[in-house]
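Student: I have not worked with this structure before. Could we go through it in questions and answers?

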Amino acid sequence: MDRNSRGLNMATAFSEEERIQIRKDFPILSRVGMNGSPIAYLDNAATAQKPLVVLEALDRYYRMTNANVHRGMHELAEEATGQYEQTRRDLASFFHVPETHQVLFTQGTTGAINLVANSWARSTLKEGDEILLTVMEHHSNIVPWQLAAEACGATIRAIPLTSAGELDLSTADELFTERTRLVAFTHVSNALGTVNPARELIHLAKERGIMTFLDGAQSAPHVPVDLQDLGCDFYACSAHKMCGPTGIGALVAPSDVLEAMPPYQGGGEMIDQVSLERSTWADLPYKFEAGTPNIAGAIAWGAALKYLSDLGLERIEATVHLLTEDAAARLDAEPGVTLTAHPAVRGGAVSFWLDDIHPHDVAQLVDQSGVAIRAGHVCCQPLMKHLGHPAINRASYHFYNLEQETTRLLEALRTTRNIFGY
Ligand code: C6P
């Protein structure tokens, strides 16, 4: 079998012909950009495009089912509840989670992190406790912990990076202290593309009795994730990066941890009994799902999960690997381009600088060639400080991208250099 150093079976990657067929599932991918050619969408780490089955699921829910969940005694409400709860079961099986009630719907990865920071962290952390992050974290995996730490008198520390853009675990013995209560880190970096050694870091924390939070925003879309195997305490992801709709995501955690956590938000649905003096809470998962949820979003996410599962996560992972390795190699060889990182294991993103041209100018100019990339600090300002640059350019891939889209990016970068007189 054609396995690469990462153990991926590269023979399973979708061929270009297969990807051309797959692209037909995504109406937006035939949209023509301002230069008259289809948009080369290389901003998948920001949000993935949606296949027709997801758009149809949204439309079908609002057209034929629209009703609130868990409340009504009528046919429509029962149908809506059944479809909404089916996605929870689908998520449990997608991530290999034993109990369905371990899956909580949130507003996204950000919502999941805020839930744990406000509930678990604020009720657990004591003065002098420490939360360990990494220098490559997204602001969503920094700011909620800072707010909780400030409220509890805890402090934040961060795992440094090597020059290749990987976690430097050589100092683990100093970083994990007897006051460390939580290690929260990203599975795949949205800025550098680095795939972190999640199992190894979770193991280091577990053997010291430290809780772990894995930010799966960039892994859930194209890495097969087995949460039983990984062993983290908390895992968060966003539907919109997995070809689903915006405004919905999930938090997964062990039942006993969730049982012990106080509610985060109060309101309808999350209660058992309410009197004017006090209230008691609903069972899991509803204790953490106050108010009318994103019903259509959950149902359409179910359609996205089925779509990804039918394609096969291993095939998706191999395809994204193929595309990003190709892009990284070609960008690295391109005059004027400097890659921000050279991780041994790369996820969906390749980021770079073009000479000393501001990344915003680069992104705007390549956009004129119909190539969509992201520019800026990509919500990772501490990482930018570490890199010594305020911003980066980032091309990020999904299984429906084509190598010729990278070729178009390279051509657009050459044009940009010409405009700037290089
Ligand atoms: N990164 C990007 O372009 P939400 O917004 O809640 O769906 O996801 C937040 C988030 C958390 N962690 C990581 C590693 C992420 O990449 C993101 C979202 C997007 O890189 C938008 S800034």
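## Contacts, helices and surface

Tutor: Asp129 has a relative accessibility of 1%, so Asp129 counts as buried. Keep in mind that this is a predicted model.

Student: Which residue forms a salt bridge with Asp129?

Tutor: Asp129 lies in the loop between H4 and strand E3 (130-134). The closest N and O atoms of the salt bridge are 3.3 Å apart, and the cut-off is 4 Å. The partner of Asp129 is Arg181.

Student: How many residues apart in sequence are the parts that Asp129 and Arg181 tie together?

Tutor: Arg181 is in strand E5 (residues 180-186), while Asp129 is in the loop between H4 and strand E3. The pair therefore ties together parts of the chain whose separation in sequence is 52 residues.

Student: Is Arg181 buried, partly exposed or exposed?

Tutor: Buried means under 20% relative accessible area and exposed means over 50%. Arg181 has a relative accessible area of 29%, so Arg181 is partly exposed.

Student: How many salt bridges does the structure hold?

Tutor: One of them joins Arg71 and Glu269, with the closest N and O atoms 3.9 Å apart. Another joins Arg330 and Asp326, with the closest N and O atoms 3.0 Å apart. The number of salt bridges in the structure is 19.

Student: How many residues apart are Arg71 and Glu269?

Tutor: Arg71 is in the loop between helix H2 (52-65) and helix H3 (75-94). Glu269 is in the loop between helix H9 (255-260) and strand E9 (271-274). The pair links distant parts of the chain, and the separation is 198 residues.

Student: In which helix do Arg330 and Asp326 both lie?

Tutor: Arg330 is partly exposed, with a relative accessible area of 25%, and Asp326 is partly exposed at 23%. They are 4 residues apart, about one turn of the helix. Residues three or four places apart in an α-helix point the same way, because there are 3.6 residues a turn. The helix that holds both Arg330 and Asp326 is H11 (residues 313-332).

Student: Where does H4 bend?

Tutor: H4 has 16 residues and reaches 21 Å from its first C-alpha to its last, close to the 22 Å expected at 1.5 Å a residue. The buried residues of H4 include Val116, Ala117 and Trp120. H4 has a bend of about 30°, and the place of the bend is Ala117.

Student: Are the rings of Trp120 and Phe234 stacked, tilted or edge-to-face?

Tutor: A pair of aromatic rings is described by the distance of the centres and the angle of the planes. Trp120 is in helix H4 (residues 109-124) and Phe234 in strand E7 (residues 234-238), 114 residues apart. Trp120 is buried at 8% relative accessible area, and Phe234 is buried at 0%. The ring centres of Trp120 and Phe234 are 6.1 Å apart and the planes stand at 65°, so the pair is edge-to-face.

Student: How many aromatic pairs are counted?

Tutor: Rings pair if their centres lie within 6.5 Å. By that rule, the count of aromatic pairs is 13.

Student: What is the angle between the ring planes of Phe26 and Tyr307?

Tutor: Phe26 is buried at 1% relative accessibility, and Tyr307 is buried at 10%. Phe26, Tyr307, Phe399 and Tyr400 form one aromatic cluster. The ring centres of Phe26 and Tyr307 are 5.8 Å apart, and the pair is edge-to-face because the angle of the planes is 80°.

Student: Which residues make the nonpolar surface patch of about 310 Å²?

Tutor: Ile419 is in helix H14 (residues 403-419). Ile419 is exposed, with a relative accessible area of 54%. The patch is made by Ile419, Phe420 and Tyr422.

Student: How far apart are the C-alpha atoms of Val225 and Leu29?

Tutor: Val225 is in the loop between strand E6 (211-215) and helix H8 (227-230). Val225 counts as buried, at 4% relative accessibility. Val225 and Leu29 are 196 residues apart along the chain, and their C-alpha atoms are separated by 27 Å.

Definitions and conventions. Residues are numbered from 1 along each chain as its sequence is written. This is a predicted model: local features need pLDDT of at least 70, side-chain atom pairs count only at pLDDT 80 or more; totals for chains, interfaces and linings use all residues. Side-chain values use heavy atoms; hydrogens and water are left out. Patches are made of residues with over 30% relative accessible area and no salt bridge: like charges are joined within 9 Å, nonpolar side chains (Val, Leu, Ile, Met, Phe, Trp, Tyr) within 5 Å. Accessible areas come from the Shrake-Rupley method with a 1.4 Å probe; for residues, only the protein chains shown count as cover. A salt bridge is a side-chain nitrogen of Lys or Arg within 4 Å of a carboxyl oxygen of Asp or Glu. Helices (H or I, at least four residues) and strands (E, at least two) are DSSP runs, numbered from the N terminus. Buried means under 20% relative accessible area, exposed over 50%, partly exposed in between (1.4 Å probe, protein chains only). Rings of Phe, Tyr and Trp (its six-membered ring) pair if their centres lie within 6.5 Å; planes under 30 degrees apart count as stacked, over 60 as edge-to-face and the rest as tilted. The expected span of a helix is 1.5 Å times one less than its number of residues. The bend at a residue is the angle between axes fitted to the seven residues ending there and the seven starting there.
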